[in-house]
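I open my notebook on this entry. I want to go through the sheets, the helices packed on them and the contact between the chains.

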Amino acid sequence: MVKIKLLLVVIVLLAGLLRFWQLGAIPPSLTWDEVAWGYNAYSIGIDGRDEFGRYLPLDYLESFGDYKPPVYAYLDVVPVKIFGLTEFATRFPSALLGTLTVLVTYFLVQRLFVQSTRKKWYSLAAALFLAVSPWHIMLSRAAFEANVALFFIVCGGWLYLSFIENKKVLLLLLSVLSFIVSVYTFNSARVVAPLLVLVLIASSWRMLWHMKKTTIFVFLFGIILLLPFVHFFLSPQSKLRYNEVNIFSDVSLVKEANQQIANDKNAWWSKILHNRRLVYSVAYMQHYFDNLSPSFLFIQGDGNPKFSTRDVGQLYLWDIPFLVIGLLFLARKKIGYWWLVPVWILLAIVPAAVARETPHALRTENMLPMWQVIAGVGFIESIVFLKKYRKIFVGISLVFLFLSVLYFQHGYYAHYSREFSGEWQDGYKQALLYAKQNENSYQHIVITSALGRPYIYTLFYNKIAPRDFRSTSIVNRDAFGFVDVVRVGKYEFPTKITEMKNTLYIATPQEVPQHAQILQTFPLVNGQPALVAYTL
Amino acid sequence: MKSQISNLKSQITNILFLVVVLIVIAAGLRLWEVGQVPPSPDWDEAALGYNAYSLLHTGRDEYGQFLPVVLRSFDDYKPALYSYLIIPFLFLFGLSIQAVRMPSIFFGITTVVVVFLLAEHLFNNKKLSFLIALLLAISPWHIQFSRIGFESNVGLAFNIFGIFFFLKGLKKPYLLFLSVFSFCASIYVYQSEKVFSPLMLFMLIVIFHKQLFQVSKKHLITAILLGILFILPMGLYLITNPNALARAKGVSVFSDNSQIASTTLRIGVDMKNHDYLGYVVDNRRLVFVKDIAANYLSHYDLKWLFITGDVSRHHAPFMGLLYFWELPFLIAGIYYFIFSKYDKKTKLLILGWFLLAPLPASVTTGVPHAVRTLNFLPTWQIFIAFGLFGFYKFMEQKNKWLQYGFIACVSIAAIFNFAYFVDQYFVQQNYYNSLDWQYGYEQAVSYVSSLGAKEVVVTNQPPLDQSYIFFLFYLKYDPFLYQSQTKDVSGGFREDHVFGRYVFRPIEWNIEKKNSQTIYVGRPEDFPSNIHVLKTIFYLDGKPAIEIVRGE
C-alpha cells in the first residue's frame, strides 16, 4: 500500500517536472490567445472587468471576436497577481491542472475498474502513461483552455462514478459542478460533457430513479448554473466561430452530388444514393476517421506544431501493442465500467469532426486519458500473463518507454524552439520591449498587423493599465463579429502602413521601405528576422 | 455404408451448388462491360498487352529479349508472367483490352472459389465459408483489381493457391508440389510478392512445422528441389541484371531524401551544443525506421479503407476499398475471431497473414497503396464474416425479433451500399477517372492512321507520357518490324522514341518545322489557341484530352 502511494507521488512529481520545467521559456513565446488570457486575467484582477470593461463576465470574453469561454482567465487571476504578467504566470493554470489531471486519472481508473483486484496497478500505469504523454505534455505547457476543460471532465467522471459507489449526494453535486465548469472552459467540452453525462445517467438511471428527490434537486441546480451559458448560446455571436470552421457550409460537395445525379440521367434512385444528407454524413465520417489516423496518433501527431513536435505522434509507437492487448482484454473480461473507456474516446471526437481542420489534437484532447487507460490495462495484463519472464519484460518495456520519452523530450528541448518559434508569434516580445524603452522619443509608434493582433501584445508587454486601454483605444467591430483594435494611446496598428514623420515603425522585413533607417531587428530563434524597428 | 455414401454425395452436390452460385456472382461482376469500364487500358496494361503480342509472334519482348522472365518495359522491370498469360486470350480476342484483362478476371473468379474452399478447410463451416467468399466476390477492392490487367491480382491468386495447397498438402503430400509451384509463380507475376510470398511460406512452415515434418522425407525433398528449380531463372536474372532492381530502388524509402535537410540541420546544432544524445536520436537512419513504421501503419487508416482509397485508378470514385457497413463487423469480427473456438494455428495463420500483407509496401513511398497490399484479401472478409456471425449468435441468445431486425437492418445497409458501389463503379468511374485511365488514344490512333501522313509527332509529356506504347498497341504494330526498326531500344521512362513514321518527343510549337506532311498529336496546351485543329478527342467528362494538328 505504502509502495503504491509512494509510486503515485513519484509519478505526479514526474508529471509536474515535465510540465513546469522551463515553462516560461519553451514554447519560446506566447501566442495571441495565450496573451489574451494573461491580459484578461490581469484586467479582472485589477477591477473585476475584462479588457473591454465587462464586469465579471460569466458567459464569454469577447477577446478577438472569438467569444472565449471565460474560466481560464479567472483561473489565471491569482497566478498573474503572484508572478506578475509573465509567460510563466499565463501558462501556470494549464500546467498545474495538467499535473493534477494525472492524479485525478489515478482516482478515475480505480472507480472504472472498482471490482478488479489489480485496479491500483491499472491506475498507476495509466497515471504514469499520462504523465509522459506527448499529447498531454504539449497541451499542458501552453495556456490552452482545452487542457483545463479536460481536468474538469476527468474530475466529473471520477466524482460521478464515486457517487454511484458511495451514494453521497455531495459527490453528485460536485460531479455536476465539474462538468458545468468544463462547459464554461472550452468549446469542445460543450458537446463532450453533456454527451458523457447522458451516457453516465443512462448507465445508472435505476439508481437515480430511486432517489427522485435528489435527482430533481441536482438537475435544477445544474440548470441554474447553465443559465448564463444558455442565454449566450442562443445568441447569434455563439454561432460565429462554428460557422467559420464547420464542414457543412462546403457547397462543393453538393455540386459533386448533383453531377453524379446528372451522370445517372437524373434517375430517382440516384437522388437517393447521392442524397446530400448522405454526402455530408460521409464527409463527417471522413473527418471523424482523421482523428483516428495512425499518422496522427502514432507517427507525427497534429499537423499544427503548436500541438505536436512532429517527432512523435500524439501517442508513442510504444503504446500500440499495449493498446491492442488492453482493448482485447477489456472487451473479453468486461470488468467494471470497461465500456466507458472506448465510448469516452468515440464521444470525444464528435465535436472535432464537424470542423474542416482535422485531425485536431486540441479539439480531441478529451480522448485523454482513455488511451492511457487502455495501454495501462494492456501493460499490467501483459505482466500478469508473462509470469516467468515478468521481470525481464517490465525491464525491457520500461527501457523502451524511457527511450521514447527521451526521444520526444530531446527534440522538444534541443530543437523545437528553433524549428517552430514562428508558430508561436516570436519577435513581438523583443520588439515591444524595445518600443517601450524608446517610446518617449517618438510621437507615434506604428506596429504592423501582419503577424496578427499586435494590440494585445502591446497591452501585455507594456503592462498598459486596463483603464487606460479602455479610454485611449479605438476599437472596430465588423459584421462577422471580429474585433479589431486600431489604436492604443500612441500605439497604432494599421492594416496598411503609411509614412509619417517622428514615428517609430515596427514591421516585418517585407514591409520595410528601401529608404528606411533600420534601428534594430528582432529575430526568431532560428535567426531569421521576424520584425524590424525603423524610422523614416 | 450406403447412407454414408449418399450423405457424402449430397454434401458434395451441396458444395458444388455453392461454388456455382459464387462463380455466377463473381463472374457477373467481373465480366459485365469488360473493357468498357474502366474505359481504356492504362500504360501498364497496354505494355503487357503489346509484349504478349510480341512474344506470341516473335518469342521476344519489345526490347528483342528472347523469352524474358522480366519485361524491361518503361524501365520498371515488370515480372513477365502476366504477359505470357495474355497469350491464349490473344487467340480469342486479338490484341485488345479484353485480352489484356482476361487473365486477371479469370484468376479473380478462381480466387473467390479457392477462398471458399480454403475457408471451408480452415473453419469447417459451410455458411461461414460461403459468406467469406461472397464478401470477397462483391468486395470493391477485389473487383477493382480483378477487372483490369493488374499483375498484383494474379499474384494474390497464386499466393492463396499456395496457402490452400500447403494446408491440403499436409495430408496429401503431392499437393505440396502445387503449393511450391504457386508461390514461385506469384514471384514471376508481381514485384511485391518477392517479399510477401517467401515470408508467407516461411510463416506457414513455422506454424505447421510439426505436421510438415510428419510428411515423408521423399516428398519434402522433392518439393524443395522443385522450388529451387522454379526459382532458378528469376534468381539468375536478378543476379545478372542489377538494373532489374532499379524500380524497387526508385520507389523505396531509402531513396527518399525529403527529410535529409532537416536531420542535417539538427545534427549541426547538436554538434555545436556538444549534444551527444543528439548524435544518436537525430540520426538519419532513425528517420528511415520511423518512415517504415509510418508506412506500415498507414494501411490501418480507416479513412483510406472506408472513405477515400488512394490514387483514382485504385478505387471507385468517392469510395474506399471496403464497404462502410462492414466497419462495425470488422472490429467486432477481429474480437470474435481471436476468441473463437478454432485452433491456435488457424488463428496464427490468419492474423499473421493480416499483419504480413502491408510489409512489402511499407518500404516503399506512395503509401497507403491498394495494389501493393492486395494480399490483405481475403483477411478483411474473414473478420467481417466472423463479426456478422458473432452478432447474429449474440442476438439469437436475446430474442427472435431482435435477430430478424438485425438481419433486416444489415441487409438494407449492405444492399444500399452495394447499389452505391455499382453506380460509382459502372457509371461514375468513367466520367471522373478517364484521364487517369489514359483515355483517348484509341480514337487518336485510328484517326491518325486514316490521314496517311509521312511523319507523326506525338508528345510524351504528362498526362500523355509513354504514348508510344498506345500506338504500338492500337496499331497492332508488327513486332518483327518494330524490333528491326528500333534495334533493342524501346520506351524507357519518359524518353524520346522513334519507330517507322512515328516520333515521340515533346512538341515545342514555336520551333517545329511544320511541314504539311507532318501530323502532330499533343495536349491542348502544346498548340496555340488560334490554330486549326483537325480533331479534338475529349475525356469522358468533356474536357479536351488530345488534339491532332497538321503542320502548316
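**Sheet of chain B**

I began with a bridge pair: B:V521 has B:I548 in β8(B) as its bridge partner. I keep in mind that this is a predicted model.

I then looked up the two strands as a pair. β6 (residues 518-522) and β8 (residues 544-550) of chain B run antiparallel and are joined by four bridges. B:I519 is part of this pairing too, with B:R550 as its partner in β8(B).

What is the strand order of the whole sheet? I read it as β4-β5-β3-β6-β8-β7 (chain B), six strands in an open sheet with mixed pairing. β4 (497-499) and β7 (535-538) of chain B are the edge strands, each pairing on one side only. On average, neighbouring strands of this sheet are turned by 15 degrees against each other, direction ignored.

Next I checked the other side of β6(B). β3(B) runs parallel to β6(B), and four bridges join them. B:V456 has B:I519 as its bridge partner in β6(B). B:E455 stands opposite B:T518 in β6(B). So much for the pairs; I also looked up the burial of this strand. Four of the five residues of β6(B) are buried, which leaves the strand mostly covered.

I moved on to β5(B). β3(B) pairs with β5(B) over three bridges, in the parallel sense. Here B:V458 has B:F504 in β5(B) as its bridge partner.

**Helix α23 of chain B**

Which strands does this helix lie across? I found α23 (residues 467-475) across β3 (455-458), β4 and β5 (502-504) of chain B. The helix runs at about 155 degrees to β5(B).

Is α23(B) mostly covered or mostly open? I noted that eight of its nine residues are buried, so I put it down as mostly covered. The buried residues are B:S467, B:Y468, B:I469, B:F470, B:F471, B:L472, B:F473 and B:Y474. They pack against α2 (43-58), α22 (441-451), β3, α24 (479-486), β4 and β5 of chain B.

**Helix α21 of chain B**

I compared the length of α21 (residues 400-433) of chain B with what its residue count predicts. Its 34 residues should span 50 Å at 1.5 Å a residue, and the end C-alpha atoms lie 46 Å apart, which agrees. I also looked for a bend. α21(B) bends by about 45 degrees at B:V427.

Which residues of α21(B) are buried? I listed B:Y420, B:F421, B:D423, B:Q424, B:Y425, B:Q428, B:Q429, B:N430, B:Y432 and B:N433. Their packing partners come from both chains. They are α14 (252-263) and α15 (268-273) of chain A, together with α6 (140-146) of chain B.

**Contact between the chains**

How many residues does each chain give to the contact? I noted 27 from chain B and 25 from chain A. On the side of chain B that touches chain A, the elements giving two or more residues are α13 (260-272), α14 (276-281), α15 (284-298), α16 (302-308), α17 (327-338) and α21 of chain B. α21(B) gives the largest share of that side, six residues. By type, the residues on this side of chain B divide into 16 nonpolar, four polar and seven charged.

**Sheet of chain A**

Last, I turned to chain A. Seven strands form an open sheet there, in the order β2-β3-β4-β1-β5-β7-β6 (chain A), and the pairing is mixed.

I picked one strand pair to look at. β1 (residues 444-447) and β5 (residues 503-507) of chain A run parallel, joined by four bridges. A:H444 has A:T503 in β5(A) as its bridge partner.

Which helices lie on this sheet? I found α22 (residues 428-438) of chain A lying across β1, β5, β6 and β7 (529-535) of chain A. α22(A) runs at about 175 degrees to β5(A). I also found α23 (residues 454-461) of chain A packing on the sheet, in touch with β1, β3 (483-488) and β4 (491-492) of chain A. The direction of α23(A) makes about 50 degrees with that of β3(A).

Terms used
Residues are numbered from 1 along each chain as its sequence is written. Chains are lettered from A and ligands numbered from 1 in the order in which they are written. This is a predicted model: local features need pLDDT of at least 70, side-chain atom pairs count only at pLDDT 80 or more; totals for chains, interfaces and linings use all residues. Two strands pair if DSSP finds at least two bridges between them. Two residues are in contact if their C-beta atoms, placed from the backbone, lie within 7 Å. Axes are lines fitted to C-alpha atoms, for helices over the stretch in contact, and angles run from 0 to 180 degrees between N-to-C directions. The expected span of a helix is 1.5 Å times one less than its number of residues. The bend at a residue is the angle between axes fitted to the seven residues ending there and the seven starting there. A residue is buried if 20 or more other C-beta atoms lie within 10 Å of its own, exposed if 12 or fewer, and partly exposed in between; C-beta atoms are placed from the backbone. Ala, Val, Leu, Ile, Met, Phe, Trp, Tyr, Cys and Pro count as nonpolar, Asp, Glu, Lys and Arg as charged, and the others, Gly among them, as polar.
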